[in-house]
Each structure stands twice: as C-alpha cells, then as structure tokens.
Amino acid sequence: MKTTSLLLVTLLAAPALADDATPTPTPAPAAAPPHAIVVHVAPLVAETKRPIELVAQIDTPFAEALSARWRRIGDTTWNDVTFDRSSAGGWYAELPASGPPGIEYYIRGKDTAGVEVAHFASEQAPHVVRVVPSLYDRLEVLDRDRVHDRKNEIAVDVIGHNFGNRYDLDDRFVRAELAYTRRILRELHSITFGFGSISGTTPVMSAPVSMGGGDTGHSLRYGFGGVRTRVHESVFLDVRAQLGASHDGFDGGIAGAVTFGKPWRSCVSFGGEYLGDLGPSAWVRLQWDTAPPLLMGASIVRTDLPGTDIDSAGLYIAYDVAYRVADRFAMRAQLSYGARDGESHFGGGLGSSVDF
Amino acid sequence: MKRLLVVGAMLAAHVAAAEPIVVAVDGADIYVDLGAKDGVGAGAELELLHEVVVRDPRSGTTLRDHFSLGTISVVKSGEKVSVARADDDLRKRVLAGDRVKLVTAKKNFVDPWAEQVAATKQQVAPTPTPTPTPASVPTTPGKPIDHAELAKQAFQDTLGKPLELRVQRWLDLLRDDPRTPYAASVQREIATLKNQIAARDQALAKARSENTVDRAPRIARLAAMLSDVNEVLEMAPIVKAEPGKPLAMAFLVRNPARIAKAWLYVRPPGAPGFKRMDLVADGDAYLRASIDGAMVRAPGVEWYVEATDGAKDSEVEPVLGSQGAPNTITVERAVEEAPIEAGRSHIDAHVDYVDFDGGFNKGFDQYYQAEVDFTYRFLKPVYAVRLGFGTLAGKGGPKDVIDEDMNEACRHPMTGEYRCKAVSFSYVYTEIEYRIRPNVAVMIRPQAGLLTTDVMPSARDRRCAGTTNVEGCEFFTGFGGRVRLRLGDEASTNLVLGAGFTDGVGTLLEAAYHWRPTPVVPVQLSVQVTDMPVPENFGVRLIGDVGWRKLSWFYPSLRLSYQARDIDHAGFSGGLAMNFDW
C-alpha cells in the first residue's frame with residue numbers, strides 16, 4: 001500500500017522537475033512508464049570476508065522494483081538484494097562478504113509494465129568485484145596445490161651417529177621418531193604430534209678402561225607436540241615440547257628452529273633442542289633443491305646426545321637426500337661424519353613419510 | 001504548478017493514509033502531506049525524521065528506527081499539502097519518503113476561496129440581474145440564479161480531482177452558468193490548470209525518456225548528491241589488485257553531456273607505451289572495460305581516461321589522469337613457487353698438501369688440509385650460504401730449530417728440547433656470503449672443531465688418536481673464523497682477499513686471482529701468508545690451480561704450490577679439488 005502510494009506521489013510530483021524547463025512538451029508514448037535512474041560508484045575490489053556496500057542515489061526509485069543481483073564467482077544462481085534507504089541519505093544495498101576470487105553483480109529494475117530495465121551491467125556481462133586474497137590466502141593455494149590437497153602426513157625417521165672415542169669407549173646414539181603432521185597451511189602452517197625414542201651409550205669419563213674409563217647407557221622415551229608457524233612468506237618457526245621418561249626418571253624438553261626459505265625448497269635452518277637428561281643440541285642445516293628429483297641437505301650438528309658425561313661436545317656434519325618414491329611416499333637417507341672425543345666416525349639415518 | 005503538486009501530494013497522502021511524510025522535493029521546495037486541515041500553515045515548524053535501517057549481526061533481522069535530522073519551516077500551505085524550506089545543509093539530506101512531525105502548535109485556517117465566495121455572494125445578492133438561464137441549469141421561475149453557490153459547488157467538486165477533471169468541471173460551470181460573474185477567474189484557473197497539465201506531461205515524458213539530453217541533468221543531479229567529486233568520471237578506489245587476474249573497470253559518468261566517447265589507456269610495468277581500449281557505455285551512466293590479467297602485474301598498472309563530448313570541433317581530452325600524470329593501481333607481488341633454477345648450488349671438495357721444509361713425510365713443517373662444503377646461492381637477501389667440514393693435520397715448529405737441528409729431530413740445539421708440535425683439527429664451518437654490490441661480496445665464516453695437539457716426539461703419526469699412550473696429548477675445542485672480500489664476478493674474473501685465524505692452528509692471509517683464459521679452463525693464482533699448522537713463523541705460499549671444465553656440472557682442478565718460510569726453508573707440494581655445480 002505504502003509503495004503504491006509513493007509511486008503515485010512520484011508520478012504526480014514528477015512535473016515539479018519541469019519547473020525550469022521550457023514548456024515544450026515532448027510527447028512520449030502513452031504506454032511507456034517512467035524509469036528510475038540508479039547512480040553509484042561501482043566497487044572494483046573488496047577485502048576478503050567483508051560485505052560490499054553499494055551506495056546509490058536513485059531518481060524515481062519507486063518507478064521500478066529495483067534490486068542488485070549478485071553471485072559469487074563460480075556460482076550459477078543469482079541472488080537478489082533490494083536497495084534500502086540510507087541514514088546518510090540515498091540508498092544502499094549490501095552484498096554479502098565473500099572470499100576470493102570475488103563476487104559479481106548487476107543492477108536491474110522492473111517497471112510498472114513488467115519490463116526489466118538494466119541500470120548497471122547485466123546478467124550476461126555482470127560487473128566483477130575482485131576480492132583480493134591476502135598473502136596467506138595465496139600461499140595456502142600454492143601449498144594446497146603442492147601437497148595435492150593432502151593435509152596429513154605420517155613420518156618415520158631413524159638416525160644414529162657413532163662418535164667413537166679415543167679410548168675405544170662407546171659413544172653413540174640412535175633416535176627414532178614417529179610423527180603425525182596435520183597441515184593447516186596458513187600462518188599456523190602445521191601441527192605435529194608424535195612419539196620418539198633415544199637410546200645410546202656414552203663414556204662416563206674420558207679415560208682408558210684401565211684407568212677407570214667406561215661407558216653407560218642413556219635413553220629417553222617421549223611424546224612430543226609441536227607447531228610450525230609461517231611468520232613470513234619465507235620464514236618458518238618451529239616450536240616443540242616433549243615429555244617422557246629417561247634413564248633418570250621423568251624428563252622433558254623443548255626444541256625450536258627458524259627456517260629461512262621454504263622447508264620443501266632451498267632453505268637454511270638454525271635450530272636447537274634441550275632435553276633434560278640428555279643435554280642440548282644445536283644445528284645449522286642447508287638444503288637445496290637444485291638436483292631434482294632429489295632434495296639434498298647438509299647439516300652441522302653440535303650435540304650432547306645421548307646425554308654425554310664428558311666435557312667435549314659432539315660435532316658432526318650430515319649429508320641427507322630425500323626422494324619422492326611415489327606420489328604419496330617419500331624416502332630419506334642421511335650420512336653423517338663427526339666426533340666428540342677422538343677420531344671422527346660415521347653415522348646415518350633412514351626415514352620415510354606418507355601423505356594422505 | 002505548485003498547486004498541481006499540492007493536489008498530487010494530497011491525493012498521495014490520502015492514499016497512503018499513514019504518518020505524514022515528505023512527498024516530493026523540488027529544489028528548495030519540500031512538499032509534505034500536511035496542510036491547513038492538519039493545523040499547519042505558514043510559519044509552522046516540522047521535525048524531519050530519517051529512517052535508519054540496520055541489520056542485527058546476531059540475528060540477521062532488519063531493524064528500523066527514526067531519528068531527527070532537523071527542522072523545516074512551512075512557507076505556504078494548501079488544505080492537505082504544505083511547502084516547506086530547510087537550510088542548505090539539511091536540504092541536501094531531505095528525501096521523498098522522510099517522515100515529518102508537526103512540532104509547533106496547530107492552528108485553525110480558513111479557506112480564502114470560500115471566504116471570497118461568501119463575500120461575493122453578499123455583494124451580488126442585493127442586485128439581482130436578469131440573466132439567461134442555461135437549459136441545463138435547474139432554475140425556479142422567478143428565483144434568481146445563485147452564481148456564487150454554483151461556483152462554490154464547482155470548486156468543491158474539483159478538490160482532490162485530477163487536473164483534467166478539474167478543467168472539465170470548470171468548463172461545465174461556464175457552460176451551465178454562462179453569465180457567472182466569476183467567468184474571468186474561472187478562465188484563468190482553467191488556463192493555469194492546462195499549463196500544469198502540459199508541464200506534467202512534459203516531466204512525465206522526461207521520466208520515460210531514454211534520451212541522453214533528458215537524462216543527463218537527472219544523472220548529474222544524482223551524482224552531485226552522491227559525492228562532491230569534481231571530475232566528470234568517478235571510479236572507486238583500488239587499494240590493491242591481485243596479479244594476473246583481469247580487473248573490471250567501471251566508471252560513473254557524472255555528467256553524461258560531456259562524454260560521448262571515452263577510451264581507457266593502460267600501461268603494465270615495463271611496457272613502452274599505453275594500450276588503448278574502448279570504454280563501453282553501460283546502464284544508466286556508466287563506462288566499463290576490463291584490463292587483461294596479463295597486464296595486471298606488480299608493482300602497478302598505470303592508466304588514464306580520455307574522452308570527447310562528441311561535438312563537431314571538440315578534441316579528445318584527458319578526463320581522469322593523463323599520459324603525463326597517469327593514475328596507478330598498486331598490484332600485489334605475485335606469490336608463486338619459483339621454478340628450480342640451475343647454477344644455484346655448488347659442492348666443493350679439495351685436499352691440499354703443504355710442505356714448507358721439503359721433508360715430506362720425514363719433515364717437521366708439513367700439513368694437509370681437506371675440506372668439503374655445500375653452497376646454495378639464495379641471491380637475496382643473503383647471496384649464498386655454505387656449510388662445510390674440514391680437517392687439518394700436520395706438524396710444525398720454529399723454523400730455526402727445525403733447520404738447525406743437524407739430527408733433523410726438531411730439538412733445540414742448546415737444550416735438546418723437542419720444540420715441534422703435531423696438530424689435528426677436525427672442524428665444521430658455516431659461511432655466509434653477502435653482496436654489497438653486484439661485483440663486491442663479503443664472506444664471513446665462523447668455524448669450530450676438535451683440536452688435538454701432541455708435543456711429544458713420535459715416530460707414529462696421529463699418536464694421540466690411539467688408546468695406549470696419550471702423554472703430551474691435549475684435546476680441546478678450537479674456534480676460528482675467516483673473512484673474505486671478493487671483487488669481480490664469481491664465475492669469471494675476480495680477486496679474493498681474505499684473512500683467517502684458528503686458535504691453536506694459525507693465521508692465514510690470502511689473495512687469490514681467478515679467471516678463465518678459455519671457457520673450459522678456470523685458473524686461480526693465489527698468494528698466501530700463513531704460520532699454519534703451528535703459530536710460529538710466517539711463510540708465503542704461491543699456488544697455481546688449473547681446472548678442466550668440460551662438463552657443465554663437474555670440473556676437477558689440480559694445484560701446485562711453492563711455499564717458504566725463508567729461502568732455505570721451502571718446498572713444493574700440491575693438491576686437487578672436485579667441484580660440482582647444479
């Protein structure tokens with residue numbers, strides 16, 4: 001009723017517009033109804049997940065049933081939103097928040113004769129408002145493509161190193177870990193949970209057996225949880241906490257690393273770990289992807305594993321190679337060389353992972 | 001004209017039968033559906049209420065309320081409609097449909113027309129003039145025609161009627177009462193009404209018209225209400241654009257009379273000139289085009305618009321930006337997985353035997369050094385990073401003692417004390433290469449390792465590595481570092497100046513010149529000053545290193561050197577290296 005009345009008002013009030021015009025009427029077809037005019041500044045881009053407001057001024061608004069028709073890019077069905085009066089004057093219509101790639105719309109009206117009138121763009125050629133994805137949106141798309149949208153990984157790794165000893169005492173360790181990783185691929189890039197085991201033997205003092213030298217076994221069984229955050233396109237931070245039981249009792253530890261570059265491409269990482277009863281470790285690792293399909297890395301590791309009791313720090317260099325055997329499976333191998341107290345010895349490791 | 005508006009508004013208000021509202025806005029005149037019957041007249045104050053529509057974010061329901069925008073003053077009133085005025089600021093915000101509320105006291109108003117009729121009636125009645133009675137007017141013989149009553153009745157009949165009916169009713173009056181003393185007034189009213197009909201029809205015709213001449217003023221007026229931009233075109237700001245994606249451009253034509261044809265000029269980064277594309281007229285007042293995704297590249301796209309108004313002698317002129325001062329759309333940097341680039345990684349393995357006294361295995365001033373390192377060139381922000389492992393083992397001591405001991409046992413001639421020392425150093429290192437300028441690089445390398453020294457004479461090398469006799473052996477962590485400066489291109493001609501020091505092992509100063517006489521033969525000539533393997537006396541080393549680069553990914557090299565701590569304490573030696581490049 002109200003709409004009808006306002007339409008009549010508009011029709012009757014329209015002659016007022018002619019006050020300043022020369023009184024030379026231009027006859028129009030009697031059947032041609034008056035049309036609205038919709039004036040707005042069409043948004044070209046929009047922020048992700050924020051509604052898009054169309055602010056308009058409309059002449060003879062009630063001459064037609066006006067609406068903005070919208071759909072998200074890629075959708076097939078159109079949705080209608082009508083123009084409402086704005087408290088700031090004029091009219092507005094709100095298109096819903098959308099993520100990338102954006103939204104498309106056009107403005108149409110239906111006059112009193114039932115004829116559709118195009119006011120801006122059209123169904124055949126709608127106006128596209130791009131929603132510019134954030135940096136992490138775009139990185140996520142790349143990562144999803146890289147991992148073939150597989151968000152889970154299970155990995156098994158076993159590494160060991162025999163430091164040797166100048167008094168022929170045993171100084172070695174073996175570390176095995178089973179880890180599940182959930183890939184988030186955003187600022188929080190992944191979450192990892194797993195179990196690990198460290199077993200080793202280390203000298204109790206650096207002296208010949210005849211002078212009291214001997215070795216002892218150290219070990220740790222632990223569970224761990226960690227997160228990898230992407231603080232920059234090419235900077236990753238890893239933090240992890242672990243709790244377990246060692247040869248000495250309840251034990252815990254923390255670890256962290258910063259990676260410059262992408263962990264799946266060429267990068268350099270600096271990391272450290274502290275295990276209560278097994279001591280600290282620190283490493284630098286350089287990885288390069290220039291020999292595809294192999295991914296190679298070299299690490300310098302300074303470590304007290306497996307909880308050394310002698311002063312000298314273990315130091316070794318490790319060279320590792322990773323190879324994706326199949327679409328979902330990857331294998332890793334490592335060769336290390338280094339010493340703690342005496343001549344350098346070799347170590348190595350094997351690992352594999354499956355994505356799903 | 002105004003009366004027509006009033007009548008129209010009255011009719012509308014009657015139909016609306018709702019709260020009083022602004023029924024029309026015509027320039028400074030604001031028509032409201034309140035009139036004398038509502039107690040509203042000139043001087044009355046009306047409160048203007050804007051409707052606010054908001055969406056409750058919690059429930060999604062639409063909430064409506066009314067807020068006062070200000071007060072408008074009535075300047076004249078009809079029976080049902082009044083004309084009001086607002087100050088300049090408020091006038092821009094008044095829109096048809098806004099509600100109004102009378103805030104001053106209601107007054108009683110008298111219909112002046114009725115009063116006039118009544119007064120005329122009193123004047124006419126005493127002087128009855130015989131007039132011919134039209135056939136259609138019911139008359140009573142002997143009774144005079146009441147012209148005033150007929151006119152009043154006609155007026156009453158026109159109230160609330162469309163213009164055409166009102167004209168017809170007045171014509172009927174003239175026909176029925178041809179001697180009416182109000183004929184002149186009625187004729188003026190009919191003429192006024194016909195003018196109003198003509199004006200109304202003209203306005204309606206414009207509202208129906210799709211002709212640009214008719215629409216342009218309406219669009220310009222709306223655009224002025226939308227914003228106070230001075231440009232003839234208006235475009236929404238683009239904070240940033242996504243690289244590689246087409247960009248839809250849409251311009252509001254604020255003054256269609258000035259734009260008959262327009263073109264968008266676009267220049268992507270690195271392009272020598274602007275590409276022209278037609279802007280296509282669209283909808284009520286728009287120009288549209290799409291910038292191809294291939295042109296949307298970081299850091300930004302430059303653009304401007306030229307247009308012509310279509311007049312015969314008019315020229316094409318820039319209307320938004322210009323070729324000399326284009327606008328810029330900032331484009332986000334492309335984020336993509338860069339392809340694997342060749343030549344970024346390098347593995348270098350080399351071994352060098354250094355004999356300072358010519359004694360080879362039986363001498364007291366020799367050492368060997370082997371290193372293997374892995375390099376990756378990140379280019380930015382750090383040019384390259386190297387990780388390496390090395391070992392150095394040898395024997396050294398004061399050259400005078402070594403040379404003067406006739407028994408060649410490195411014992412002091414006077415005291416017989418053994419003065420030489422065996423050194424074994426296994427170390428790791430990390431080197432960061434940073435480029436100050438394209439041909440100037442600084443390389444900094446810290447290193448640390450296990451250092452074993454043996455100050456006891458022994459016929460057996462690496463005695464301290466055994467488990468039986470470690471007297472005189474010392475084991476500790478040795479730290480050191482090296483700094484190098486490279487001038488020139490890494491792969492071709494360059495000069496490297498360096499200085500290194502390792503605690504317990506010695507100092508090394510070096511200058512190395514590298515060039516490629518032919519593409520397959522890299523050559524390096526080096527001069528080193530060092531006191532290694534034991535910090536005692538400095539000597540000089542002259543080294544020539546020649547490679548054979550037949551394969552792109554691998555080349556070996558052979559090096560020969562001459563070194564001396566003095567002219568009698570000198571020797572030749574050599575080494576070899578293997579280099580891998582991917």
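Predicted model: local features only at pLDDT ≥ 70, side-chain atom pairs only at ≥ 80, totals over all residues.
User: Is K49(A) buried or exposed?

Analyst: K49(A) is exposed, as 12 other C-beta atoms lie within 10 Å. Residues are numbered from 1 along each chain as its sequence is written, and chains are lettered from A and ligands numbered from 1 in the order in which they are written.

User: Where is K49(A) found?

Analyst: The loop between β2 (45-47) and β3 (52-59) of chain A holds K49(A). Strands (E, at least two residues) and helices (H or I, at least four) are DSSP runs, numbered from the N terminus. K49(A) has a positive phi, near 60°, and is not a glycine. Most residues other than glycine have a negative phi.

User: And what is the phi of E408(B)?

Analyst: E408(B), also a residue other than glycine, has a positive phi of about 50°. E408(B) sits in the loop between α8 (399-404) and β18 (421-437) of chain B. E408(B) is partly exposed, with 13 other C-beta atoms within 10 Å.

User: Which residues does a cis peptide bond join in chain A?

Analyst: P292(A) and P293(A) are joined by a cis peptide bond with omega of about 5°. P293(A) lies in the loop between β18 (279-291) and β19 (294-303) of chain A. A cis peptide bond also joins M532(B) and P533(B), where omega is about 10°. P533(B) belongs to the loop between β23 (521-530) and β24 (539-547) of chain B.

User: Changing topic, which residues of α2(A) are buried?

Analyst: They are R138(A), L139(A) and D143(A). These residues cover an arc of only 135° around the axis, which puts them on the same side of α2(A); the arc is that of the directions from the helix axis to the C-beta atoms. Just after α2(A), H148(A) takes a positive phi of about 55°.

User: How many helices and strands does chain B have?

Analyst: Chain B has 8 helices and 26 strands. Of the 582 residues in chain B, 35% are buried.

User: How many strands are in the closed barrel?

Analyst: The closed barrel has 12 strands with antiparallel pairing, running β15-β16-β17-β18-β19-β20-β21-β22-β23-β24-β25-β26 in chain B. Two strands pair if DSSP finds at least two bridges between them. Strands β16 (residues 366-377) and β17 (residues 384-396) of chain B pair in the antiparallel sense over 12 bridges. T375(B) stands opposite R386(B) in β17(B).

User: Which residues touch the most other members of the largest nonpolar core?

Analyst: They are V38(A), V39(A), L44(A), M249(B), F251(B), L252(B) and V305(B), in a core of 66 residues. A nonpolar core is a set of buried Ala, Val, Leu, Ile, Met, Phe, Trp, Tyr and Cys residues joined through C-beta atoms within 7 Å. Strand β8 (residues 247-253) of chain B gives the most to this core, with 7 residues. Apart from this core lies another of 41 residues, including F356(B) and L508(B).

User: What is L252(B) in contact with?

Analyst: Leaving aside neighbours within four places in sequence, L252(B) is in contact with residues including V39(A), H40(A), V41(A) and Y286(B). Two residues are in contact if their C-beta atoms, placed from the backbone, lie within 7 Å.

Conventions
Buried ≥ 20, exposed ≤ 12 C-beta atoms within 10 Å, placed from the backbone.
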